Amino acid sequence: MRTYAVAPGVRLNVRSGPGTSYGIVRVLPEGMRVPIFCQAPGTTVSGPYGTSNIWDNIDNGEYVSDAYVQTGSDGYVASRCG
């Protein structure tokens, strides 16, 4: 599966759902690459790659803001989470 780079120098919070109101389940170390299984709309976040309301599902019950993941697109690059 394709993986995408997390913004350099960032320790990214991984949340239990697509938004900042969800609890933090872990923190990714710097320099991580993550798979994107699906994407969901959620809280709008501003980050190194712009402002986005897209959240990336990187594992079961684990989401990160797309504004911190270098997908090369401002839109969806994976299917929407069902």
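## Sheet, disulfide and a buried Asp

Three strands make up an open sheet in the order S4-S1-S8, with antiparallel pairing. Its edge strands, each pairing on one side only, are S4 (33–35) and S8 (69–70). Strands here are DSSP runs of E, at least two residues, numbered from the N terminus, and two of them pair if DSSP finds at least two bridges between them. S1 (residues 3–6) runs antiparallel to S4, joined to it by three bridges. Ala5 stands opposite Arg33 in S4.

A note on the source: this is a predicted model, where local features need pLDDT of at least 70, side-chain atom pairs count only at pLDDT 80 or more, and totals for chains, interfaces and linings use all residues. Residues are numbered from 1 along each chain as its sequence is written, and side-chain values use heavy atoms, leaving out hydrogens and water.

There's one disulfide in the structure (cysteine sulfur atoms within 2.5 Å). Cys38 and Cys81 form it, with their sulfurs 2.0 Å apart. Cys38 lies in strand S5 (residues 38–47) and Cys81 in the segment after S8, so the pair ties together parts 43 residues apart in sequence. The S-S torsion is about 95°, so this disulfide is right-handed.

| Cysteine | Relative accessible area | Class |
|---|---|---|
| Cys38 | 13% | buried |
| Cys81 | 22% | partly exposed |

Buried means under 20% relative accessible area, exposed over 50%, and partly exposed in between (1.4 Å probe, protein chains only).

Then there's Asp66, in the loop between strand S7 (62–65) and S8. Asp66 is buried yet has no salt bridge, and the nearest side chain of opposite charge, Arg2, is 11 Å away. A salt bridge needs a side-chain nitrogen of Lys or Arg within 4 Å of a carboxyl oxygen of Asp or Glu; for charge, Lys and Arg count as positive and Asp and Glu as negative, with His and the chain ends not counted.

Terms used:
Helices (H or I, at least four residues) and strands (E, at least two) are DSSP runs, numbered from the N terminus.
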